[in-house]
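Please go through the following briefing with the model open beside it.

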Amino acid sequence: MAGADERPVVVERAPDTMEARVLACAACHGARGEGTDNDYFPRLSGKPSGYLYNQLLAFRDGRRKYPPMNYLLAYMPDAYLRQIAEYFAAERPPAREPETPRVDAQTLAYGQQLTLHGDPSRKVPACVSCHGAALTGMEPTIPGLLGLHSDYISAQLGASRYGTRVTAPPDCMHTITSRLAERDITAVSAWLASLPVPANASPVAQGTLKMPLACGSEAN
């Protein structure tokens, strides 16, 4: 029998709030998903919830490879991941200052040209044709491209190009990036990173843009 001076063990539980649930995300991506100065911890806030959800599933299921994310999400159920995606999609924290370009003016202008007009001779569509004139994405699954570091953008384009980052077939980003040269990726990444994020930037409504090619992730 327990002694009279013994006290019952009280187990403290973390509060069941979304803020508590996303603490692990906040450690790398910022409390509201605003991104950090680390090149490879991107801004999450304001991106379409369907896009964020697809990426969480991809990390959990191994289609995207980054061990800390793969480990963190390994046992999280779909419904939990969808709630996290919706939380960050609804956030609109202030953006960091645009990146100072590390390329020459000619390269930067070339990146602008590809982003706004593409290269029809190689069947490379303009970035704005899928990601919107303001480059803030389209619901439900086309991400915005602003507020990111050039090294991060370059790494993701390269991963799509070489097939280490994949999406549901038909994988339109792999199709597009396989037509790009290293010079193209460097130029586009630098120009996108040099742009400011508009205040309260939001993706455009589903169906606003007519996609130039089929993307399997668009319907997921």
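A disulfide is taken here as a pair of cysteine sulfur atoms within 2.5 Å. The structure is a predicted model, in which local features need pLDDT of at least 70 and side-chain atom pairs count only at pLDDT 80 or more, whereas totals for chains, interfaces and linings use all residues. Residues are numbered from 1 along each chain as its sequence is written, and side-chain values use heavy atoms, with hydrogens and water left out.

**Cysteines**

- The structure holds one disulfide, which joins Cys 172 to Cys 215 with an S to S distance of 1.9 Å.
- The link of Cys 172 and Cys 215 is right-handed, with 110 degrees about the S-S bond.
- This pair links distant parts of the chain, given that Cys 172 is in helix H9 (residues 172-177) and Cys 215 in the segment after H10, 43 residues apart; helices (H or I, at least four residues) and strands (E, at least two) are DSSP runs, numbered from the N terminus.
- Cys 172 is buried at a relative accessible area of 8%, and Cys 215 is also buried, at 9%, where buried means under 20% relative accessible area, exposed over 50% and partly exposed in between, with a 1.4 Å probe and protein chains only.
- The sulfur of Cys 127 has its closest cysteine sulfur in Cys 130, at 8.4 Å, which is too far for a bond, and Cys 127 counts as buried at 18% relative accessibility.
- For Cys 25 the closest cysteine sulfur is that of Cys 28, 8.9 Å away and likewise too far for a bond, while Cys 25 itself counts as buried at 15% relative accessibility.

**Helices H6 and H10**

- Two packed helices are described by the angle between their axes and the distance between the axes.
- The axes of helix H6 (residues 105-117) and helix H10 (residues 182-193) come within 7 Å and cross at roughly 90 degrees; axes are lines fitted to C-alpha atoms, for helices over the stretch in contact, and angles run from 0 to 180 degrees between N-to-C directions.
- H6 and H10 are therefore roughly perpendicular to each other, on a scale where angles under 35 degrees count as roughly parallel, over 145 as roughly antiparallel, 65 to 115 as roughly perpendicular and the rest as oblique.
- On the H6 side the contact (heavy atoms within 4.5 Å) is made by residues including Leu 108, Tyr 110, Leu 114 and Leu 116, and on the H10 side by residues including Arg 183, Asp 184, Val 188 and Trp 191.
- By class, the contact of H6 with H10 has nine nonpolar, four polar and two charged residues; Ala, Val, Leu, Ile, Met, Phe, Trp, Tyr, Cys and Pro count as nonpolar, Asp, Glu, Lys and Arg as charged, and the others, Gly among them, as polar.
- H10 is mostly covered, with nine of its 12 residues buried, among them Asp 184, Ile 185, Val 188 and Trp 191.
- The buried residues of H10 pack against H6 and helix H8 (150-162).
- The 12 residues of H10 should span 16 Å at 1.5 Å a residue, which agrees with the 17 Å between its end C-alpha atoms; the expected span of a helix is 1.5 Å times one less than its number of residues.

**Backbone in the loops**

- Most residues other than glycine have a negative phi, and most peptide bonds are trans.
- The peptide bond from Glu 139 to Pro 140 is cis, with omega near 0 degrees, and Pro 140 is found in the loop between helix H7 (128-131) and H8.
- Another cis peptide bond joins Pro 169 and Pro 170, with omega about -5 degrees, and Pro 170 lies in the loop between H8 and H9.
- Leu 135, although not a glycine, has a positive phi of about 60 degrees; Leu 135 sits in the loop between H7 and H8 and counts as buried at 3% relative accessibility.
- Lys 123 has a positive phi near 60 degrees; Lys 123 is found in the loop between H6 and H7 and is exposed, with a relative accessible area of 62%.

- Ala 205 lies in the segment after H10 and counts as partly exposed at 49% relative accessibility.
- Ala 205 and Gly 137 are 68 residues apart in sequence and 9.0 Å apart in space, C-alpha to C-alpha.
- Not counting residues up to four places away in sequence, Ala 205 touches Met 138 and Glu 139.
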